[in-house]
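User: I would like to go through this structure in short questions and answers. Please keep each answer brief.

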Amino acid sequence: MQLTEGSEKTEQSQSLLPAPDAIFCGNNQNMLTQLRIEFYKLRRSKSFHLSFAVLVGFVALMLWGFYTYAEHKTGASARTAVQFRHTYESKTYFNGLTFALYSLIFSFSLLMPVFVAMTAGGQIAGEARAGTLRTMLLRPVSRIQVFLSKFAMVALHTYLLMAFFVGLNLLIGYVLMGYDNLELYPGPLNLVDEPGKIMQGDAVWRFVYATFTGTWALLVVGAVAMFCSVLFDSPAMAIVTTLSIYIMLYIIGRIEFFEDLRPYFFTTDMDFWRDVLKPAPPWHSFLHYGSICGAYIFGLLLAAMTIFDRKDILT
Amino acid sequence: MLARVTLCVLFLACVLGALRFNPFRDRSLLGMHPSDGPRVRLMTWNIGYAGIEGDNRAHDSDLAVVAGAILRTDPDAVALQELASPDQLQVLLGYLYHRYSGSICQFGAADRIEAVLVKDQSARFEDIRAGDKYSLASTFKIGTDQSAKHQVVLVSAHADAFNSARRRLFTSDVIEWAQDRPETDVVFIAGDFNFELNPEKQSNLFTDNAKNDSESYSYILKYFRDLGRDAGWTAINDRRIDYIFGPPEAALLRRAQVLKDAGAPGMDHCPLLVEVAL
């Protein structure tokens, strides 16, 4: 219909605009739809399934190593008993909870971040590379909704990884080794300053808490990857950049030569997740480093969202 | 817009949270409450040098500085490590105006020896065979009263610097010796144990050093309390490798301090001073 008179045009336009409530409902509806679509894509992606499969493989290797080590140290052929009369490595020490603890701590720093970076790095850049980003943004959803729904899937995947891994370790540990109290000693895991113990019932809950704190810590890597995913049009570039930054800081933070730089690395702050596995969690430290991780997550998301909102989509 | 504002608020909340919660507040001094019992002040000090070139044992020229620090802090007994010769003990006792009696252990397989200085002139000294080395124990009384009921034992120990397995054997021998003391003796074990309990401080992650040191340290803590735990680092590179272990219940910690500026230039350890009430 051709509108010629100004008053008629205004009247007609106003009648076409949805009511404010309708806008709100429509936005919510759009967001829910977007989340459903992203969840579907996540569920169908090969990397999603691969991440769980690799974790199962890791647990199998851990189990093998743990079992042979425990047998070597406490079995009939144990040599240490001759050389060292006093050791805390006894049959009760090698139980399912100790297995779960070692497995979780060893995998957290170098295995989990790879999967988080893979998922997050491919979110925006993957769509750009596939040529679907422009089409996606033609639909009546805002860029912010697209961005946030994608990050929500990264968070969901991260939590599922943590929960699956902790659950699998606890289950296998329980079935094959049984539970006893979780004994902690200063040194190898760097969890305590003096020998301590967590009762088995409490220890299981501590692992449950660790799924949340671990997710929060890993979301820093996820936020870095989302930021890179917005900057680059290639998912490989986004993932490799994220992992390079992470591994570089992780390694530098491990070398005594760079000790003074360590407090400025997000990899140092991410370590707060393990505090819930200490006999007496240091709550001030926990909240301090947890907050710093939160600042990294929200700061990076804000920056990435701003760039994405203004970005000229050419692919 | 709402999403941006929400993220901004969350970001600011996290920054404020990080500023509000101070991670160092968790650290607290060991429980202390008044005690009327006699006090004993103990010091441990590795007076050797850093570096692998040249003689890194104690230097004669530093003994006056060592004696000065001892006289200023006035400990009842001092455990010294890395003396180069018995003559150094005599020189040191001279610098201390013979207010202390002292002795050294046998050399064993090492090229350096441990010493104990005690104010009590009637103190007894005894060598302890630990691994392939020797440590030295001194048994003395606190106070001038002849009937003083507290008999204190101070062990001066120095574990291997390069091999964690040897440290383990050494530790177990020293602790076993201490366990054999009569129950009336209040035993303190002091010295440079070279435990590396922080994996981040290790230059080589592919060794079992942390495991061995963890077991050694945990074994000591089965029977003793780490009195200098909150006093901070005792050696260069921020390492806490000098310890004074005391009985967990018989002694109340009153003070634990690392004297950072006490040594001469080139020395790689600082003395650890603790005061306990018996």
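## Helix packing and sheets

User: Which residues of helix 10 of chain A meet helix 11 of chain A?
Analyst: This is a predicted model. In helix 11 of chain A, the residues in the contact are A:Ala238, A:Thr241, A:Thr242, A:Ile245 and A:Tyr246. By class, this contact has 7 nonpolar, 3 polar and no charged residues. From helix 10 of chain A come A:Val221, A:Val224, A:Ala225, A:Cys228 and A:Ser229.

User: How are helix 10 of chain A and helix 11 of chain A oriented to each other?
Analyst: Helix 10 covers residues 200-231 of chain A, and helix 11 covers residues 235-254 of chain A. Their axes lie 8 Å apart, and the helices pack at an angle of about 140°. The crossing is right-handed. Helix 10 of chain A and helix 11 of chain A are therefore oblique.

User: Is helix 10 of chain A roughly parallel or roughly antiparallel to helix 13 of chain A?
Analyst: Helix 13 spans residues 283-310 of chain A. Its axis is 9 Å from that of helix 10 of chain A, at an angle of about 20°. Angles under 35 degrees count as roughly parallel. So the answer for helix 10 and helix 13 of chain A is roughly parallel.

User: What is the hand of the crossing of helix 10 of chain A and helix 13 of chain A, and how many nonpolar residues does the contact have?
Analyst: The crossing of helix 10 of chain A and helix 13 of chain A is left-handed. Helix 10 of chain A brings residues including A:Trp216, A:Leu219 and A:Phe227. Helix 13 of chain A brings others, among them A:Phe286, A:Tyr296 and A:Ile307. The contact has 3 polar and no charged residues, and its nonpolar count is 19.

User: How far apart are the axes of helix 5 of chain A and helix 10 of chain A?
Analyst: Helix 5 of chain A takes up residues 96-110. Helix 5 and helix 10 of chain A pack at about 10°, and are therefore roughly parallel. Their contact includes A:Leu97 and A:Phe108 of helix 5 of chain A, and A:Phe207 and A:Leu218 of helix 10 of chain A. The axes are 11 Å apart.

User: Why is helix 6 of chain A largely enclosed by the rest of the structure?
Analyst: Helix 6 of chain A runs over residues 112-121. Its buried residues include A:Met112, A:Phe115 and A:Val116. Helix 6 of chain A is largely enclosed because its buried residues number 8 of the 10.

User: How many of the contacts in chain A, with a separation of 6 or more, are between residues 24 or more positions apart?
Analyst: Chain A holds 13 helices and 2 strands. Of its 315 residues, 46% count as buried. Among contacts in chain A with a separation of 6 or more, the share from residues 24 or more positions apart is 78%.

User: Which residue is the bridge partner of B:Asp127?
Analyst: Another open sheet in chain B has the strand order 5-6-7-8-10-9. Its edge strands are strand 5 and strand 9 of chain B. Strand 5 and strand 6 of chain B pair in the antiparallel sense over 7 bridges. In strand 6 of chain B, the partner of B:Asp127 is B:Leu136.

User: What angle does helix 4 of chain B make with the direction of strand 5 of chain B?
Analyst: Helix 4 of chain B covers residues 164-179 and packs on the sheet. It touches strand 5, strand 6, strand 7 and strand 8 of chain B. The angle between the directions of helix 4 and strand 5 of chain B is about 140°.

Conventions: Residues are numbered from 1 along each chain as its sequence is written. Chains are lettered from A and ligands numbered from 1 in the order in which they are written. This is a predicted model: local features need pLDDT of at least 70, side-chain atom pairs count only at pLDDT 80 or more; totals for chains, interfaces and linings use all residues. Side-chain values use heavy atoms; hydrogens and water are left out. Axes are lines fitted to C-alpha atoms, for helices over the stretch in contact, and angles run from 0 to 180 degrees between N-to-C directions. Helices (H or I, at least four residues) and strands (E, at least two) are DSSP runs, numbered from the N terminus. Angles under 35 degrees count as roughly parallel, over 145 as roughly antiparallel, 65 to 115 as roughly perpendicular and the rest as oblique. A crossing is left-handed if the near helix is turned anticlockwise from the far one by less than a right angle, and right-handed if clockwise. Contact means heavy atoms within 4.5 Å. Ala, Val, Leu, Ile, Met, Phe, Trp, Tyr, Cys and Pro count as nonpolar, Asp, Glu, Lys and Arg as charged, and the others, Gly among them, as polar. Buried means under 20% relative accessible area, exposed over 50%, partly exposed in between (1.4 Å probe, protein chains only). Two strands pair if DSSP finds at least two bridges between them.
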